[in-house]
Amino acid sequence: MPDDRIRRIRPDDVEAAVGLVYDLAEYERAPGECHLTPAQLHEALFGEAPKLFGHVAEVDGEIVGFAVWFLNFSTWRGVHGIYLEDLYVRASHRGSGLGKALLAALAAECVANGYARLEWSVLDWNPATEFYKALGALPMDEWTVNRLTDAPLRALAAQA
């Protein structure tokens, strides 16, 4: 049975979600790297052709957790999957089942839409790693995430 504390994000949730993103950046020890604005998140989620989707956890009328995600594609499986960009539950609500309920909602999205995978990255030091393993998630230790941003991204683009 779906958890009634979890629902799709709505436009009036954007401000709260942005606040949670900044809380997550603080938790991940990178507050200076977060520059998200409510206008940016609103456009990504609710613009003309949204490419980002989200769910929130609401307790007593307050947004206390969120998951934002987008579709990826597995060439090996031949179908889409969900890439979970961020999952965060306020410290005061951890242990209440909200994190698991948010992940369950995304798993249900996968099953309902015929998606093959639910994937995400987690920092090595994050204690949630054990929680994810308990759900049956397999760490992809043999894979290394690579990222181009800022000047290196622009330098490579200039070679196109």
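Biologist: Where does D60 lie?

Modeller: D60 sits in the loop between strands β2 (53-59) and β3 (62-74). Strands here are DSSP runs of E, at least two residues long, while helices are runs of H or I, at least four long, and both are numbered from the N terminus. This is a predicted model, where local features need pLDDT of at least 70 and side-chain atom pairs count only at pLDDT 80 or more, though totals for chains, interfaces and linings use all residues. Residues are numbered from 1 along each chain as its sequence is written, and side-chain values use heavy atoms, with hydrogens and water left out.

Biologist: Is D60 buried or exposed?

Modeller: Buried means under 20% relative accessible area, exposed means over 50%, and partly exposed is in between (1.4 Å probe, protein chains only). D60 has 81% relative accessibility, so it counts as exposed. D60 isn't a glycine, yet its phi is positive, about 50 degrees.

Biologist: What about the phi of R29?

Modeller: R29 isn't a glycine either, and its phi is positive too, near 65 degrees. R29 belongs to the loop between α1 and α2, and its relative accessible area of 60% makes it exposed.

Biologist: How do I read the packing of α1 and α2?

Modeller: For two packed helices, you give the angle between their axes and the distance between those axes. The axes are lines fitted to C-alpha atoms over the stretch in contact, and angles run from 0 to 180 degrees between N-to-C directions. Here α1 (residues 14-27) and α2 (residues 38-46) pack at about 115 degrees, with axes 9 Å apart. That makes them roughly perpendicular, a label for 65 to 115 degrees.

Biologist: Which residues of α1 and α2 meet?

Modeller: Contact means heavy atoms within 4.5 Å. From α1 you have V14, E15, A17 and V18, and they meet P38, L41, H42, L45 and F46 of α2.

Biologist: Now D13: is it buried or exposed?

Modeller: D13 has a relative accessible area of 3%, so it is buried. You'll find D13 in the loop between β1 (6-8) and α1. Skipping residues up to four places away in sequence, D13 touches R7, R8, V56 and I63.

Biologist: And which residues is A137 in contact with?

Modeller: Beyond its neighbours within four places in sequence, A137 contacts W120 and Y132. A137 lies in the loop between α4 (128-134) and α5 (150-157). Its relative accessible area is 22%, so A137 is partly exposed. F53 is 84 residues from A137 along the chain, and their C-alpha atoms are separated by 21 Å.

Technical notes
Parallel < 35°, antiparallel > 145°, perpendicular 65-115°, else oblique.
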